[in-house]
Amino acid sequence: MPSLPWRDIDTVLLDMDGTLLDLHYDNHFWMEHLPQRYAELHGVSRAMAELEMAPLFEQNAGTLNWYCLDFWSAELKLPLRELKLETAHLISLRPDAETFLMAIKQAGKRVIMITNAHRDSLSLKMERVQLAPYFERMISSHDYGFAKENAQFWDALHADIAFEPGRSLFIDDTLPILRSARTFGVAHLLAVSQPDSRKGPKNTEEFAAVADYRALIAGL
Ligand SMILES: [Mg+2]
């Protein structure tokens, strides 16, 4: 992992799921818990549940709908908020994420969360891990009506918080989102090498990746 030119960075934009929080919660919820509860509540087999859900997942990946609990509640005819609570014990911080937040805040950086998570998911998570005090703002892309993958998200963010892309660092575990940020002009970009603690390191392609937050703050 390359060391960061911290003197050239005054704003740190951070994703939530897979970046600060272990993606295991989300992966487990969408791939295991939700199909299982769909099967139970609609009285179909688990295999049938997955068959019925697969085209919806395919059609909506990378869009704001994908992250919208209202959308999925309506499409699947299930109480998504309640179902998410059933596995809330799996919500947890990635290693040293809080140490990192503490360090960059103490160093006087402007720290802003930008997440595709729905406001209800964000609230549920912030009840479990108390990260809110570290952030100047916690922005859900639903506030703007565009997912972070979309160029219009970045225009809306810029209009809202007036950050300087050339003096900003953005960390996110989703590569199409990093590419969208790069197109907008965000100068310092990092992926996350292991967003889900139960899976191995992922290929972050053209992006350098955070493997250890302690190493990242070394030169702060
Ligand atoms: Mg993420």
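Contact is taken throughout to mean heavy atoms within 4.5 Å. The structure is a predicted model, in which local features need pLDDT of at least 70 and side-chain atom pairs count only at pLDDT 80 or more, whereas totals for chains, interfaces and linings use all residues. Residues are numbered from 1 along each chain as its sequence is written, and side-chain values use heavy atoms, with hydrogens and water left out.

With contact defined in this way, Lys 148, leaving aside its neighbours within four places in sequence, is in contact with Asp 15, Ile 114, Thr 115, Asn 116, Ser 141, Phe 153, Trp 154, Asp 172, Ile 177 and Ser 180. Lys 148 is found in the loop between β3 and α7, where helices (H or I, at least four residues) and strands (E, at least two) are DSSP runs numbered from the N terminus. At 1% relative accessibility Lys 148 counts as buried, the classes being buried under 20% relative accessible area, exposed over 50% and partly exposed in between (1.4 Å probe, protein chains only). A polar atom of the Lys 148 side chain lies 3.0 Å from the backbone oxygen of Ile 114.

Tyr 144 is likewise found in the loop between β3 (137-140) and α7 (151-161), and with a relative accessible area of 17% Tyr 144 is buried. When residues up to four places away in sequence are not counted, Tyr 144 touches Ile 139, Phe 153, Ala 156, Leu 157 and Asp 160. The side chains of Tyr 144 and Asp 160 are joined by a polar contact of 2.5 Å, a term that denotes a pair of N or O atoms within 3.5 Å, of which, within protein, one must be able to donate a hydrogen and the other to accept it, residues adjacent in sequence counting only if both atoms are side-chain atoms. The C-alpha atoms of Tyr 144 and Asp 160, which are 16 residues apart along the chain, are separated by 9.6 Å.

The protein chain is divided into domain 1 (6-22 + 92-216) and domain 2 (25-89), with bounds that come from an automatic or database domain assignment. The contact between these domains takes 17 residues from domain 1 and 15 residues from domain 2, and the domain centres, taken over C-alpha atoms, are separated by 25 Å. Domain 1 and domain 2 bury about 1300 Å² between them, 54% of it on carbon and sulfur atoms, buried area being the accessible area (1.4 Å probe) that two parts lose on being put together, summed over both. On the side of domain 1, His 118, Leu 124 and His 142 lose the most area to domain 2, together 30% of what that side buries.

Between the two domains, 9 residue pairs are in polar contact (both at pLDDT 80 or more), and the count of salt bridges is 2, a salt bridge being a side-chain nitrogen of Lys or Arg within 4 Å of a carboxyl oxygen of Asp or Glu. Asp 120 forms a salt bridge with Arg 81, in which the closest N and O atoms are 2.1 Å apart.

Across the whole structure, a search finds 19 salt bridges. Arg 81 also meets Asp 70 in a salt bridge of 2.7 Å, N to O; Arg 81 lies in helix α4 and Asp 70 in helix α3 (residues 69-76), so the pair ties together parts that are 11 residues apart in sequence. Both residues are partly exposed, Arg 81 with a relative accessible area of 34% and Asp 70 with one of 41%. The side chains of Glu 86 and Arg 37 meet in a salt bridge of 2.9 Å, N to O, which links Glu 86 in helix α4 (residues 80-86) with Arg 37 in helix α1, 49 residues apart. A salt bridge of 3.2 Å, N to O, joins the side chains of Glu 32 and Arg 46, with Glu 32 in helix α1 (residues 24-42) and Arg 46 in helix α2 (residues 46-60).

Arg 179, Arg 182, Glu 205 and Glu 206 are linked in a network of salt bridges. Phi of Glu 205 is near 50°, a positive value in a residue other than glycine. Asp 96, in the loop between α4 and α5 (97-106), has a positive phi of about 65° although it is not a glycine, and Asp 96 is partly exposed at a relative accessible area of 26%.
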